[in-house]
Amino acid sequence: MTRRTFPRREAVHSTVAAEVLAHHARSADLPIGLPVPIELIIEQTYGLQILSDEIEEPAGSMILGALDPSQRLIILNSRHQAMFDQWVGPERFTLAHELAHWIYDAESPDQLSLDVEAEAQPVFCYHRESAALNEDLRVREVNANKLAANLLLPEHLVRQADIDWVLREFRTVAALWGVSQPTLRIRLETLELVDDFDLARLPIN
């Protein structure tokens, strides 16, 4: 039985991400650093399985991954394996995005209640490109994207970094932290760590 979804404020994403990372740090008895160990968080702390398989894509859509809550399963779309292999960031962001669906849409009674014994289960997909999402799915995707960014680039760790170094070695830092350059750029902007002059100097890709 689904309940109405709603946009979540940035402060909520930050708080939830901090709780997730603290939970993993306690479970693993290890401090969290960059790059965030997203696969270990998914598999060890949340008990979800990750596998690669082909996911059908409706016309006009690009689906990088999916979450099947009833099977506790995150699926990476093997149709895009070449992109995952070539570029730093998309695979890890997809994993974080699907974990965000698990946290917001599969576990939270405030957002969605799932009967894991039911025969038919919703599957939450990462719609990288789609012109046909209804408003409910669009809000869920935005929420999952924002939580994913907070999980991969936690505010306290990003703020601890030398921002001059981050800007000077932007491509290298993005790769070291396991995120794409656009993801890092947006995160720095969201945290108001850069101004328009800084943004103009950053590489486009």
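This is a predicted model: local features need pLDDT of at least 70, side-chain atom pairs count only at pLDDT 80 or more; totals for chains, interfaces and linings use all residues.
1. A residue is called buried here when its relative accessible area is under 20%, exposed when that area is over 50%, and partly exposed in between (1.4 Å probe, protein chains only).

2. Residues are numbered from 1 along each chain as its sequence is written, and side-chain values use heavy atoms, with hydrogens and water left out.

3. Now the overview. The protein chain has ten helices and four strands; helices (H or I, at least four residues) and strands (E, at least two) are DSSP runs, numbered from the N terminus. Along the sequence they follow the pattern α-α-β-β-β-α-α-β-α-α-α-α-α-α. Of the 205 residues of the protein chain, 48% count as buried. A contact means heavy atoms within 4.5 Å. Among contacts between residues at least 6 apart in sequence, 66% join residues at least 24 apart.

4. Back to Asn 150, which lies in helix H5 (residues 135-152). What does the side chain of Asn 150 join by a polar contact? The partner is the side chain of Glu 10, at 3.0 Å. A polar contact is a pair of N or O atoms within 3.5 Å; within protein, one must be able to donate a hydrogen and the other to accept it, and residues adjacent in sequence count only if both atoms are side-chain atoms. Not counting residues up to four places away in sequence, Asn 150 touches Glu 10, His 13, Ser 14, Ala 17 and Arg 187.

5. Within H9 (residues 181-190), Thr 183 deserves a look of its own. Thr 183 counts as buried because its relative accessibility is 16%. Leaving aside neighbours within four places in sequence, Thr 183 is in contact with Phe 93 and Leu 153. Just after H9, Glu 192 takes a positive phi of about 60°.

6. Helix H2 can be read in a similar way. Its buried residues include Ile 38, Ile 41, Ile 42 and Thr 45. These cover an arc of only 115° around the axis, which puts them on the same side of H2. Just after H2, Gly 47 has a positive phi of about 65°.

7. Thr 45 belongs to H2 (residues 38-45). With a relative accessible area of 15%, Thr 45 is buried. Beyond residues up to four places away in sequence, Thr 45 touches His 23, His 24, Ser 27 and Leu 40. With His 24 there is also a polar contact, side chain to side chain, of 2.5 Å. Thr 45 and Val 20 are 25 residues apart in sequence, and their C-alpha atoms are 9.0 Å apart in space.

8. Next, a pair of strands. Seven of the seven residues of strand E2 (residues 62-68) are buried. E2 runs antiparallel to strand E3 (residues 73-77), and four bridges join them; two strands pair if DSSP finds at least two bridges between them. Ala 66 has Ile 75 in E3 as its bridge partner. The two strands form a hairpin with four residues between them, and Arg 72 in the turn has a positive phi of about 50°.

9. Finally, the rings. Rings of Phe, Tyr and Trp (its six-membered ring) pair if their centres lie within 6.5 Å; planes under 30 degrees apart count as stacked, over 60 as edge-to-face and the rest as tilted. By this rule there is one aromatic pair. Trp 165 and Trp 177 form it edge-to-face, at 6.3 Å centre to centre with 70° between the planes. Trp 165 lies in helix H7 (residues 163-168) and Trp 177 in the loop between helix H8 (170-176) and H9, so the pair ties together parts twelve residues apart in sequence. Trp 177 is buried, at 7% relative accessible area, whereas Trp 165, at 28%, is partly exposed.

Methods: The arc is that of the directions from the helix axis to the C-beta atoms.
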